[in-house]
Amino acid sequence: MFARHALRRFLHSMPVLLLLTLVLFGALKLIPGDIALVMAGERATPDRVAYIRESLHLNDPWWIQYGLYLKKLVFEADLGHSLLHDQPIAKLFASAIPATVELALSALFIALPVGLLLGVVSAVARRSWWDKIASLISLAGVSLPIFWLALLLMWFFSLHLGWLPTSGRLSDEVLFDPAADSIFRMYTLDGLVRGLTGQGWDVFLSACRYLILPAVALSTIPMAHICRMTRSALLDVLQQDYIRTARAKGVSQFKVIAKHAARNAALPVVTVMFLQAGALFGGAVITETMFAWPGLGKLLVESIGSRDFPMVQSGTLFVGIVFVLFNLIGDLVVGWLDPRTKQASSSRGGAR
Amino acid sequence: MNTAKPTVWRSLYLEIRVNRSAQIALFILSVLVLSALAAPFLAQHDPLVLDLESSRFLPPFFSAGGSFLHPFGTDSSGRDVFARVLYGGRISLALGFLPVAIGAGLGVPMGLLSGYLGGRVDDVLMRVNDCLLAFPSILIALILVAFLGQGLVNLMIAVGLAYAPTFARISRGSALGERNKEYVLGAHANGAALPRILFRHVLPNILNSVVVVATMSFASALLEAAGLSFLGLGVRPPTPEWGAMLAEGKADFYQAWWTLVFPGAAIFLTVLSLNMLGDGLRDALDPRSVHRG
């Protein structure tokens, strides 16, 4: 039953991805003027323009171009060639994706405990000063422009106090060559492995020092959402009869929250966590650019700025696939946690 | 049956009368909007005039060496930061408001139609819509800017299109709820045309939710437009816009913190007030939300 439901939802998301490829393909056609000229730039040689025109099959009719584009994507897993970096896009992704994942996970690692704590405190002590302070923090979290917060953090912790670096992922002084020594392409994990295997903790410490400011800047948005959701979900649950029964039986406050309420309040919080994947990436675009963090977001912004359209196409498509998958997994997890939504979503074709 | 239902404005007034944070938010917003509108009267300097010789990096009035001639100080080109923040407010506020208008203008009719017609049309439209909703709107805007090209108008269109799915989703849900109510069936039986049913009969009943979503979207659209300008993909310097000002000030923030603090604080205050107001509106207008602060 569950497997069938999962398969059904998976198949439902296929047309969406197909549509996305069509839109991305069509978007290239919308650019005014000769696209090969636009992409090559004003000072390109005729050879370069001809090369771009040839490599994009611009001399063929559009349905053939689209077919070739799809064929390359699906059957050859060929993401194309970046014009800006003059490298295969897949290779650029291979180093950028782990960087973004590392940053996003660290941000969640900060946001989750803080958000949960603030949410629980403000729900339990409803309408107290604690509640007001927690609400204000979460409101500020969604309202703070990440780029401004990042600048203020850099100004205070890097320039004023001189504690933390402003850009990059690793200090030059550390004896670590990412190209050769990195296993995960996430330097904190690499450093952790090296530390645990007795090769010293310098890589780990350096990676953490570089990671902390971007992660804090990025964590504000998911932190605020988790806090808000936890508060309202917990308030919902705490009003219910079985909680009153538990209290009447003399169960302690801590036990009521931790054992009786938490399980039922977890559902909306888990849902929000999955939906945060989108917001996290949106934030990562700005955070990575600010802190020169070599991830997917920075790659995408650079490629837009320099009109590297194959990169824009493939980057967007990749992010699209990830989002569709995350939504799917989120739906499935929620359906698994709460059987009621499963029926509702399969009868209404994925409507939430 | 509907006689006891208060109008949008009436319930707004009643909520704001008791909601302290909504009052504060409304006050801050009014000050920001009015000062942006009155920029030519309040600012003593032209936001674009350079003065590279005598007044580079003058500090704000409360710092040593500052004066009320340049209340917020001057930037690296000797331009008055106060004037730039005020004039920038016109562009930044418009960059929050107009995209929301575009998004609502496209999304609401689409959602109404989809929810009212139901069936196949609804299935297809909403599947596409769900797909778009899965993307963070800043990413959609980013991609649209990539293909449309940069600039003020394209930025507005891009952010506006990115918000259409949100409005479509909310109005579709409401239209679905209204479509089998007696007043709609009655209008249909009377031979009312489809647009008339949708806009005259269904729309007024879902206006509440649209207003709440619009306020929240105003906040995030402003934030995103400023972010895109900051990344150099929206409004370009020297045009005074809060995000673009931050991008310019980034280079010299160690020696002139005020070039960053004032435009950034303006964005933060505006977005914070809009979110506070949005929370208040939701409490007042959306009967489903039961949790008051």
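**B:Ile140**

I started at B:Ile140 and listed its partners; leaving out residues up to four places away in sequence, B:Ile140 touches B:Leu132, B:Phe135, B:Leu161 and B:Ala162. I noted that this is a predicted model. B:Ile140 sits in helix α6 of chain B. Is B:Ile140 buried or exposed? I counted 22 C-beta neighbours inside 10 Å, and the threshold for buried is 20 or more, so B:Ile140 counts as buried. I also checked B:Ile140 against B:Gly160: the two are 20 residues apart in sequence, and their C-alpha atoms are 10.0 Å apart in space.

Next I looked up B:Ala141. With residues up to four places away in sequence left out, B:Ala141 touches B:Ala158, B:Val159, B:Ala162, B:Glu224 and B:Leu228.

I then asked which residues have the most contacts inside the largest nonpolar core. They are B:Ala141, B:Leu142 and B:Val145, in a core of 168 residues. The helix that gives the most to this core belongs to chain A: α10, residues 202-238, with 19 residues.

**Chain B as a whole**

I read off the secondary structure of chain B and found 11 helices and 0 strands. The C-alpha atoms of chain B fill a box of roughly 75 × 45 × 30 Å along the principal axes. Chain B has 293 residues, and buried residues make up 51% of them. I took the contacts in chain B between residues at least 6 apart in sequence; of these, 71% join residues at least 24 apart.

**The contact of chain A with chain B**

I counted residues on both sides: 38 residues come from chain A and 39 residues from chain B. On the chain B side, α5 (119-134), α6 (137-148), α9 (194-230) and α11 (258-285) each supply at least two residues. Which helix supplies the largest share of that side? I found α11(B), with 8 residues. Sorted by class, the side of chain B that touches chain A holds 29 nonpolar, 6 polar and 4 charged residues.

**Two helices of chain A**

I looked at α5 (residues 89-124) and α13 (residues 296-305) of chain A. Their axes come within 7 Å and cross at roughly 125°. The two helices, α5(A) and α13(A), are therefore oblique to each other. From α5(A), the residues A:Leu92, A:Ala96, A:Ile97 and A:Thr100 meet A:Leu296, A:Gly297 and A:Leu299 of α13(A).

**α11 of chain A**

I checked how well helix α11 of chain A, residues 241-248, is covered. This helix is hardly covered: among its 8 residues, the count of buried residues is 0. Just after α11(A), I noted that A:Gly250 takes a positive phi of about 90°.

**Confidence**

The model has ipTM 0.82 and pTM 0.82. The mean pLDDT of chain B is 81, with 93% of its residues at 70 or more. Where in chain B is confidence lowest, and where is it highest? The lowest is in helix α1(B), residues 8-18, at a mean of 74, and the highest is in helix α4(B), residues 81-117, at 89.

Definitions and conventions. Residues numbered from 1 in each chain as written. Chains lettered and ligands numbered in written order. Predicted model: local features only at pLDDT ≥ 70, side-chain atom pairs only at ≥ 80, totals over all residues. Contact = placed C-beta atoms within 7 Å. Helix = DSSP H or I, 4+ residues; strand = E, 2+ residues; numbered from the N terminus. Nonpolar A, V, L, I, M, F, W, Y, C, P; charged D, E, K, R; others polar. Axes fitted to C-alpha atoms, helices over the stretch in contact; angles between N-to-C directions. Parallel < 35°, antiparallel > 145°, perpendicular 65-115°, else oblique. Buried ≥ 20, exposed ≤ 12 C-beta atoms within 10 Å, placed from the backbone. Core = buried A, V, L, I, M, F, W, Y, C linked by C-beta atoms within 7 Å. pLDDT = per-residue confidence, 0-100.
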